[in-house]
Amino acid sequence: MPRIPHKLLAQARQTSPLLPLILRGTRTIESASNELRWLRQHVEELRVPSPDNYLLELCQRRAKGEPLQYIIGTQPFGDLDIKCRPGVLIPRSETEAYTIYLARLLNEELLNEQFNPESAADLKITSNPPLRIVDMCTGTGCIPLLLYSLLSQRFPDLSVTGCDISNHALRLAQENLIYNFGKGKSQDSALTKVNFNKLDIFDELSSSQRHSLKCDVLISNPPYISENSFNHETTRSVRNWEPKLALVPATKHASSVAPEDVFYERLLSLHRDFLQSKILLMEVGDDAQAIRVAEMAINHKTPGTHDLVEIWRDWPEERPECSVTLKLMVSGHHILVRGSGKFRSVFVRSQRQ
């Protein structure tokens, strides 16, 4: 990591003697100033006996690269406040963006406009439809919890399940369920309609698991970073503090695809062969991976299905810049690209004929 220029440190010191500490973790004055403000607010809310000393301690932790979310303990995610803890991946704003966009498509029945084969009877949303959602590699539970928050009024018969291999993550996800929905009118509904289960998605599913996980929507932010990219391209904060298990796929899984793509191969198999989901949404790491995953979705279509495959950028609801690509040719198919920013997720909509 390059050294911070002396001029930048001097500029930070003029603003606050604490700012150079945070600058070591953020690398920009603007980001450091925002984080210092949030840390001050956090200390004020805690009402500790020696607030100045405690604030200094927090700034020193940030200077060592510890993520702000682990220091403060939470991260906003839509209308929720998600608890964060070392050992569990921190929710990202790009993940929040496609989760909100998917919820809007479901709430406003816009999927009927996106996907228009000759017969779309199975896509038509009725007055009080049941809706089952499964999130694989759930981590903090941020995706299923936000989907529940955004969809529960429109879909009274809503069931949301988050699955993860990590007991640590599952405990935190359950805490987040109670933290966000444990009080008020929504308490009983949320605590019965949102569940978190331990699952290694590469294990063979039992008949009872296939039944319990059968869903309309399958969504996942899986591990998708290669070993080389993790070692050389991720930030110090990510490498030293966030769980590698949630970032780099284990190499034990035999597959014909690149090691960083093995989860997508399995998710497509679950979507098509086992869980019978109509929608599959998968987060990806970069443009090249998005194209590979879209190609996998096109080339591994189950006979008797009609599929729509799209690529969503970081901000799928935003208008794209004039110069960006709106469609791609992938395996002989035109793929629509939505939104602005980098390629962030691959959307698959399947109709079984």
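This is a predicted model: local features need pLDDT of at least 70, side-chain atom pairs count only at pLDDT 80 or more; totals for chains, interfaces and linings use all residues.
Residues are numbered from 1 along each chain as its sequence is written. Local features need pLDDT of at least 70 and side-chain atom pairs count only at pLDDT 80 or more, whereas totals for chains, interfaces and linings use all residues; side-chain values use heavy atoms, without hydrogens and water.

Helices α3 (residues 29-46) and α4 (residues 51-63) pack at an angle of about 140 degrees, their axes lying 10 Å apart. α3 is therefore oblique to α4 (angles under 35 degrees count as roughly parallel, over 145 as roughly antiparallel, 65 to 115 as roughly perpendicular and the rest as oblique). The crossing is right-handed. Contacts (heavy atoms within 4.5 Å) involve, among others, Leu-36, Leu-39 and Val-43 of α3 and Tyr-54, Leu-55 and Leu-58 of α4. The residues of this contact comprise nine nonpolar, one polar and three charged.

Arg-47, in the loop between α3 and α4, has a positive phi of about 55 degrees although it is not a glycine. Arg-47 is exposed, at 75% relative accessible area, whereas Gln-276 is partly exposed, at 41% (buried means under 20%, exposed over 50%, partly exposed in between, with a 1.4 Å probe and protein chains only). Gln-276 lies in the loop between α14 and β7, and its phi is likewise positive, near 55 degrees.

Definitions and conventions: Axes are lines fitted to C-alpha atoms, for helices over the stretch in contact, and angles run from 0 to 180 degrees between N-to-C directions. Helices (H or I, at least four residues) and strands (E, at least two) are DSSP runs, numbered from the N terminus. A crossing is left-handed if the near helix is turned anticlockwise from the far one by less than a right angle, and right-handed if clockwise. Ala, Val, Leu, Ile, Met, Phe, Trp, Tyr, Cys and Pro count as nonpolar, Asp, Glu, Lys and Arg as charged, and the others, Gly among them, as polar.
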